[in-house]
Amino acid sequence: MKAGYIFFALLALIFGLGNRLTCIAEYNSIFKNMTATHFLHCLEAIIAKPMMVIWFLFFAFIGICLFINTWCCTITQIKLFFRVRGQGSPKQGLAVQMALIHIAALLVIALHVLDITLIERHKPVKLYPGQIVRMGDYQVRVKHVSYMGLRSMITEGKTGRKRKGLFVLKKNFSQKDNFASIEIIKDLGKPAVLELRMLSPVRIGTNFFFLDGFFIAKGGEQTGIKIHHSYNPLVFIFFAVYTVFFNLLVFRFFTVWVKENKKE
Amino acid sequence: MPDPMTVYVCCAWLNILFGSIALFQKKIAGAMVIWTLLGLFWAVQMASFFMAAEITSLSGVAPTFGIASLVICLWQGRTLKQDYKSVLIRPHFNSFFLTLLACGSLVIEDSPHDSFMMGYIFAKLFFLSRPLSLGLTLFALGGAATSIFLKMDENADGMILAQSKNAAFLAAIIFLGGEICGCYWGFMGWGTTWRWSGNFYFSAMLFVLFMVSLHVPRSLFPSVKAWNLGFSIPLAVIALAMTLSKVMNS
């Protein structure tokens with residue numbers, strides 16, 4: 001527990017430092033690129049900034065330490081379970097709960113590592129109806145764009161998009177009316193025609209296609225879309241493990257709660 | 001019919017007034033009346049806010065501080081008699097927090113909270129988790145602070161600490177639930193569950209701080225008070241970070 005406490009405290013410190021680093025423009029642009037693509041694509045930029053290297057190594061080191069510590073705790077909890085098994089004491093139930101929580105925590109940490117290393121995102125591309133783009137193993141063609149919102153909201157200025165998606169008001173945007181019809185083809189196969197909407201990505205196996213937004217270029221008339229593609233084989237396992245972890249914690253809370261209330 | 005925001009501001013001032021009165025309440029009868037009024041005024045303040053804004057606007061200062069205060073009122077109401085019987089000063093700490101939250105709720109916001117992206121159900125759950133978690137964190141902090149500043153017998157100390165730890169644990173669980181919903185929202189909206197961004201680091205830091213607080217080992221601290229301090233400091237950082245980030249972003 002001592003080591004866990006120290007590692008958690010250090011990890012909190014690293015996240016706090018990371019938060020501060022994102023306030024500095026030169027670091028934030030690297031972080032943004034890491035989110036938009038993959039951290040390996042940004043290695044050169046990371047290496048060029050010693051502070052980033054230190055932060056990243058420290059983050060990885062503490063992450064590994066925390067994983068090893070959680071692993072050791074899990075083994076201790078499992079051993080405890082086998083020691084008290086068959087005694088029918090409350091200790092047995094506690095040992096099972098704690099062992100399961102630690103196993104789930106281990107899986108969560110492992111999945112985050114896999115998430116960071118395996119998942120490949122690609123930068124968004126701007127497309128007009130009729131245009132074709134290659135995304136991973138797929139060819140994507142925009143068939144039709146339906147945009148019923150305020151045109152001023154998506155008309156770009158000199159430097160591109162005017163408003164961030166988070167500030168587009170609900171009353172000005174309908175998910176039903178605003179969509180793009182796209183054709184996805186793999187290896188000269190039969191094209192699949194799909195409707196792509198905001199907050200409703202299209203999934204083909206472990207590949208996802210996201211609609212990032214609509215745009216009208218400065219001085220232009222035609223409405224285009226911004227889409228991106230990502231390869232993510234882990235997303236369902238990721239949420240399943242997190243849900244199990246959450247439920248185990250809820251169960252543990254109620255066990256403690258009932259026990260405490262009986263005492264009172 | 002009065003303007004809902006006028007009612008909101010009036011209730012905020014009443015909450016500041018009654019929160020300050022609750023700070024000095026020494027008798028259980030008076031405390032019960034004041035705490036009931038506090039719960040009532042916070043409920044009216046929230047209702048008037050939701051009448052002016054949308055019921056699902058959960059991300060701003062007003063809903064965050066209002067829901068957190070309602071959580072404190074409810075949990076404190078449950079333990080009020082017990083606290084006054086044991087001469088615990090927890091209600092005074094909690095009324096202090098309520099007064100601060102009422103002051104904070106007067107901050108006027110410019111940024112809209114009814115955007116399309118925030119209208120997603122998982123976004124709502126994410127935003128709802130924050131005030132619930134903040135309320136429980138403050139309640140846990142109130143209990144821990146009581147046991148730091150007051151000389152108590154072992155039973156009272158054990159009971160109040162157990163309640164604080166339960167509240168902190170529940171806060172951590174709700175926060176985690178919110179994070180999972182936020183991750184899902186992030187995935188559906190932006191295609192990513194992990195982000196190398198300031199907001200993500202901030203959320204991760206708060207969750208890890210909950211873990212720090214819940215993993216405080218007794219053997220690392222020379223006395224029970226120091227141990228309680230070790231439990232309280234991460235919670236205080238969480239509460240400060242959550243409230244200040246809301247006020248400063250408004």
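**Notebook: chains A and B of a predicted model**

I began with helix 1 of chain B (residues 4–23), which has 20 residues and reaches 28 Å from its first C-alpha to its last, close to the 28 Å expected at 1.5 Å a residue. The expected span is 1.5 Å times one less than the number of residues. Helices (H or I, at least four residues) and strands (E, at least two) are DSSP runs numbered from the N terminus.

I noted that this is a predicted model, in which local features need pLDDT of at least 70 and side-chain atom pairs count only at pLDDT 80 or more, while totals for chains, interfaces and linings use all residues. Residues are numbered from 1 along each chain as its sequence is written, chains are lettered from A in the order in which they are written, and side-chain values use heavy atoms, with hydrogens and water left out.

**Entry: burial in helix 1 of chain B**

I looked up the buried residues (under 20% relative accessible area, 1.4 Å probe, protein chains only). In helix 1 of chain B they are B:Y8, B:C11, B:A12, B:N15, B:I16, B:F18, B:G19 and B:A22. Their cover includes helix 2 (28–52), helix 3 (61–85) and helix 4 (90–104) of chain B.

**Entry: the interface**

I next recorded the contact (heavy atoms within 4.5 Å) between the chains. Chain A brings 56 residues to it and chain B 54 residues. The buried area (accessible area, 1.4 Å probe, lost by two parts on being put together, summed over both) is about 5,100 Å² between chain A and chain B, and carbon and sulfur atoms give 77% of that.

Helix 7 of chain A gives the most to the side of chain A that touches chain B, with 14 residues. By class, that side has 35 nonpolar residues (Ala, Val, Leu, Ile, Met, Phe, Trp, Tyr, Cys and Pro), 8 charged (Asp, Glu, Lys and Arg) and 13 polar (the others, Gly among them).

**Entry: two loop residues of chain A**

I located A:T223 in the loop between strand 8 and strand 9 of chain A. A:T223 counts as buried because its relative accessibility is 13%. Leaving aside neighbours within four places in sequence, its contacts include A:Y128, A:R151 and A:F214.

I found A:L199 in the loop between strand 6 (192–196) and strand 7 (202–204) of chain A. Its phi is near 60°, a positive value in a residue other than glycine. A:L199 is buried, with a relative accessible area of 6%.

Key. Buried < 20%, exposed > 50% of the residue type's maximum accessible area, 1.4 Å probe, protein only.
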